Amino acid sequence: MSDMTPLRLQQKRYWQKTLWLTGLLLAVWFLVTFVATFFSAALNHLTFLDLPLGYFMAAQGSLIVYIVLIALYAFLMNRLDRQFGVDEQ
Amino acid sequence: MSNRLRLILGEYGPALFVALFAVGFTLTVLVLAWLEQRGMSQRWIGYVFLFLTLLVFSLVGLFTRTSDIAEYFVAGRRVPAVYSGMSSGTDWLSAASFIGLAGALYQSGYQGLAFVIGWTGGYVLLALLMAPYLRKFGQFTLPDFLATRYGGHAIRLIGAVAVILASLVYVVAQVYGVGLITSRFITLQFEIGVYLGLAGVLVCSFLGGMRALMHAQAAQYVILLIAYITPITILSFDRTGIPAPPVLYAKAMHQLVDIENEVFNRPEEVAVRALYAERAKRLEQQIDNLPGSLVEERKRMGDQIEKMKASGASVRDIVLLERERRALPATPQLAHAKWRNDLKDALHRSAMPVSDTEPFALPDDGQSRANFLALIFCLTIGTASLPHLLMRYYSIASVSQARRSVFWSLFFVALVYLLAPAYAVFVKLEVLKHTIGVPLESLPAWVNAWTKIGLVSVDDINSDHLLQWAELTINPDVIVLATPEIAGLPYVISGMVAAGGLAAALSTAEGLLLSITSALSHDIYFKMLRPDASSSWRLIVSKSVMVAVAILAASIAVQRPASIVDMVAWAFSIAGAALFPALVLGVFWPRANRAGALAGMIAGLSVTVFYIARVKFDSIPLLGWYGIGMHPWFGIDAAAAGIYGVPVGFVTNVLVSLLTKPPGPESQQFIERLRYPRILYNRAETSGRAIDV
C-alpha cells in the first residue's frame with residue numbers, strides 16, 4: 001500500500017476532491033432542508049418579500065437554494081475534470 | 001425523429017420541435033376559445049383536449065418506433081442535457097405534482113410544504129450521490145447496477161421486486177388521476193376513463209420505448225407548463241393587478257389571513273364545529289359499543305322513519321333517511337372501519353382551522369414537527385431512488401452532461417413548483433369569498449359539478465341552508481382542476497388545465513411502466529431465466545409485459561385505494577427504504593458486500609410495507625384481513641414510513657456487511673470504475689494492474 005504510482009495518487013486526489021465538494025454541498029443542503037425547517041416557527045417572526053420567512057423558505061427559498069447547489073456541483077465537477085485533464089468532450 | 005430529419009436539423013432539432021409544439025398548442029387553445037364563443041359545447045371542448053393529448057403520444061410513438069434494444073431502453077445514450085432535463089422533468093411532474101401539490105397546500109397550509117421541500121431537495125441527493133455514478137456505470141436498469149456491484153441473482157431479484165413495487169404504487173396514483181380528469185371533463189365513467197388513458201400511453205411506449213418517451217415528454221412539458229401557468233396568472237392579475245403570482249402572492253396571502261380570522265370566528269362557524277364535536281363523541285361511543293350499537297342504530301333509524309311517516313313529514317326527508325339506513329354497514333367489522341373514518345373526519349371538522357403560514361399547527365392531527373421532518377426525509381431519499389427517474393441517467397450522452405441534466409431537470413420542475421403556493425392562496429381566497437355564508441341553492445356551479453362525481457361534498461349539519469366552512473369538504477385533488485371554474489374563467493381554460501393534468505399523469509405513468517417493464521423483462525426474464533433469448537424476442541416479451549402491467553395498474557386504480565398524494569408518498573418510502581442504502585453504500589463504502597446489501601434491502605422494504613399497511617388500513621377486505629390497524633410509532637404518519645425503513649436498511653446493510661467477509665476484487669474494480677473518470681481509470685487498467693492490492 002505504501003508506494004503509490006503517480007496514477008494511483010492522481011486517482012486518490014481526484015476522489016478526495018470529489019468527496020469534499022459532495023460533503024460541503026450536502027452540509028448546506030442539510031442546513032436548508034432540516035435545520036431551517038426545524039426552526040420554521042421562529043423564522044416566521046421575520047419577513048421576506050412581505051411573507052413570513054419560515055413559510056417562504058419552505059415554499060420557495062429552499063427550492064432556489066437547491067437549484068444553485070446543483071448548478072455549483074455541475075460547474076465545479078466539470079472544472080475538476082478539466083483540471084485533471086479527464087473531461088470527456 | 002427520423003434520421004434524415006436529424007441530419008437536416010442537427011443540434012437544433014429538439015429545440016425546434018419544442019418551439020413548434022408550443023406555438024401549435026397555443027394556436028389550438030385560441031381557436032377553441034373562439035369556437036366556445038361561437039357556442040361549442042363544453043363537452044366537445046373536453047373531447048378535443050383529451051384526444052389532442054393522446055394524439056401527441058401516439059404520433060410521437062409512431063414516428064420514433066424502434067426495435068433496437070439500446071434505443072428502446074436508453075434512447076441510444078446520446079440525449080443532450082437540456083433536452084433530457086426537460087423530458088425527465090416531465091417524467092417527474094406527475095399527477096401528484098400537477099393536481100395534488102396545490103391541493104395539499106390548500107388543505108393543510110404550511111404542512112403541505114413538506115412535499116415542495118422533499119421533492120426538490122431530493123434532486124440534490126440525486127445530483128450528488130446518484131446521477132453521475134449511474135451514468136458512469138451505463139447499463140440498462142437499477143437491478144443491473146446492484147447485481148454488478150454486489151454480484152449474484154438474489155440481489156437482482158430483490159432489486160427488481162423493489163422497483164416493481166414502488167413503481168406500481170406510483171403508477172396506480174397516476175392512473176387514478178387520469179380517471180379523475182376524464183370523468184369530470186368528458187363525463188366518461190371513471191373506469192372507462194382510466195382504460196382510455198392507458199391505451200394512449202401504451203401506443204407510445206409500446207412502439208418507441210425510451211426514445212419515444214424522450215420526445216413525447218418534451219412535448220408534454222409544453223402542454224403542462226402552459227396549462228399550469230395560464231389560469232393562475234389570469235386569476236392573480238384579475239384580483240390584484242399583478243400578473244406574477246409566484247413572486248407576488250404576498251398581498252393575497254395577507255388578505256386571506258384577514259378573511260380567515262373573520263370567517264372562522266363567526267358564531268355560526270363556532271356552532272357548526274361544536275356540532276361536529278358532538279358527532280365525534282357519538283361515533284366514539286358507537287365504536288366502543290360494537291356490535292350492539294349497530295343493531296341499535298338500525299332500529300333507531302327505523303323508528304324515526306315510522307314516526308316521520310306518521311307525522312306526515314315531507315317525502316324527500318323520508319327518502320333521504322331511508323337511504324341513510326340502507327347505507328349502514330352490513331357487518332360490525334365494516335362498521336368499525338367506516339365509523340373510524342367518520343370519526344376522523346368529524347374530529348377534523350370540529351377543530352379550529354389554522355392559518356396557512358403557521359407551521360406544525362395541529363400536532364394531534366399528524367401535523368407535528370416530527371411528522372413534517374420525517375415526511376421531508378422520506379421524500380428526499382425517495383426522490384433520489386425512484387427507478388423511473390434514475391433510469392433516465394443511463395440515456396444521457398456523458399457524465400458531465402448527466403450532471404448538467406439534473407440541473408435542467410430541477411429547473412423545469414421548479415417552474416411549476418414555484419407557482420403551487422400561489423394556487424392554494426388564491427383559490428382559498430375565492431372559496432372563502434364566494435361560497436361561505438351563501439345559501440345552498442345559490443352556490444356557484446362548480447360546487448355542483450364536482451359534487452356529482454363525489455369530490456366535493458356539502459353537509460348541512462345545522463340545517464340552516466347556508467354553507468359554513470366546516471360543512472364544505474373539497475377533495476384536495478380538485479383544487480387545480482377546478483381553479484378556472486372557481487375563478488369564473490371560460491371553459492376552454494378548464495379544458496386546457498385538464499389536458500395539462502393528463503399530460504402530467506400520462507407522461508409519468510409511461511416512465512413508470514417502462515421501468516416496471518424493464519425490471520420484469522430485462523432483469524427477471526432475460527438476465528435470470530433465459531439469458532440466451534434473442535433481442536427481438538426480448539422486445540416482444542417487454543411489450544407484452546407492459547400491456548399486462550398497465551391493465552393490472554388500471555384495475556387497482558378503479559378501486560380508488562387512497563388519495564393521490566398518499567399513494568405517491570408510499571411509493572417514495574418504499575423506493576427509498578429498499579434501494580437508497582444499497583445504491584449509496586455501493587458507491588461510497590467499498591466494504592459493503594452482497595450479504596449486507598441483501599439483508600438491508602429486505603429489512604428496509606419489509607419494515608416500510610409493514611408500517612404502511614398497519615397504520616393506514618384497519619382492514620384489507622380483499623385479503624380478508626380485519627382489525628390489523630395499529631397505533632403509529634411516535635405518532636409518525638403512514639406517509640412517512642420510510643423514516644423507519646431507510647435507517648433500518650442502512651444499519652442492517654452495515655452490520656451484516658461487517659459480520660461477513662469483505663467483497664472480492666471484482667467489486668473493488670467496479671467501484672474504481674465508477675469513481676474515476678474513464679481516462680484515469682483506463683490508464684489504471686493498463687499500467688496500474690500490477691499494484692492492485
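Let's start with one residue, Val18(B). Its place is in helix α2 (residues 13-37) of chain B. This is a predicted model, so keep that in mind throughout. Along the chain, Ser400(B) is 382 residues from Val18(B).

Now a second residue, Arg149(B). You find Arg149(B) in helix α8 (residues 142-150) of chain B. Arg149(B) has 24 other C-beta atoms within 10 Å, so it counts as buried. What does Arg149(B) touch? Setting aside residues up to four places away in sequence, it touches Gly586(B), Ser667(B) and Phe670(B). Phe137(B) is twelve residues from Arg149(B) in sequence. From C-alpha to C-alpha, that pair is 9.9 Å apart.

Next, a whole helix. Take α23 of chain B, residues 535-557. An α-helix has 3.6 residues a turn, so residues three or four places apart point the same way. Look at the numbering of that buried set with this in mind.

Step back to chain B as a whole. Chain B has 28 helices and two strands. Of its 693 residues, 52% count as buried. Now take contacts in chain B between residues at least 6 apart in sequence. Of these, 82% join residues at least 24 apart.

How does chain A meet chain B? On chain A, 44 residues are in contact with 45 residues of chain B. Which elements of chain A give two or more residues to that side? They are α1, α2 (40-43), β2 (51-52) and α3 (53-83). The largest share, 17 residues, comes from α3(A). By class, this side of chain A divides into 27 nonpolar, twelve polar and five charged residues.

Zoom in on one helix pair across the two chains. Helix α1 (residues 6-38) of chain A packs with helix α16 (residues 369-383) of chain B. The angle is about 170 degrees, and the axes are 10 Å apart. Angles over 145 degrees count as roughly antiparallel, so α1(A) and α16(B) are roughly antiparallel to each other. From α1(A), the contact uses Thr33(A), Phe34(A), Thr37(A) and Phe38(A). From α16(B) come Arg369(B), Phe372(B), Leu373(B), Ile376(B) and Thr380(B). That contact has five nonpolar, three polar and one charged residues.

Last, confidence. For the complex, the predictor gives an ipTM of 0.90 and a pTM of 0.84. Chain B has a mean pLDDT of 81, and 88% of its residues reach 70 or more. Among the elements of chain B, helix α26 (residues 642-659) has the highest mean pLDDT, 91. Helix α1 (residues 3-9) of chain B has the lowest, 51. Over residues 684-693 of chain B, pLDDT stays under 50. The model has ten contacts beyond four places in sequence for that stretch. Where pLDDT is low, the predicted coordinates should not be read in detail.

Definitions and conventions
Residues numbered from 1 in each chain as written. Chains lettered and ligands numbered in written order. Predicted model: local features only at pLDDT ≥ 70, side-chain atom pairs only at ≥ 80, totals over all residues. Axes fitted to C-alpha atoms, helices over the stretch in contact; angles between N-to-C directions. Helix = DSSP H or I, 4+ residues; strand = E, 2+ residues; numbered from the N terminus. Parallel < 35°, antiparallel > 145°, perpendicular 65-115°, else oblique. Contact = placed C-beta atoms within 7 Å. Nonpolar A, V, L, I, M, F, W, Y, C, P; charged D, E, K, R; others polar. Buried ≥ 20, exposed ≤ 12 C-beta atoms within 10 Å, placed from the backbone. pLDDT = per-residue confidence, 0-100. Expected span 1.5 Å × (residues − 1).
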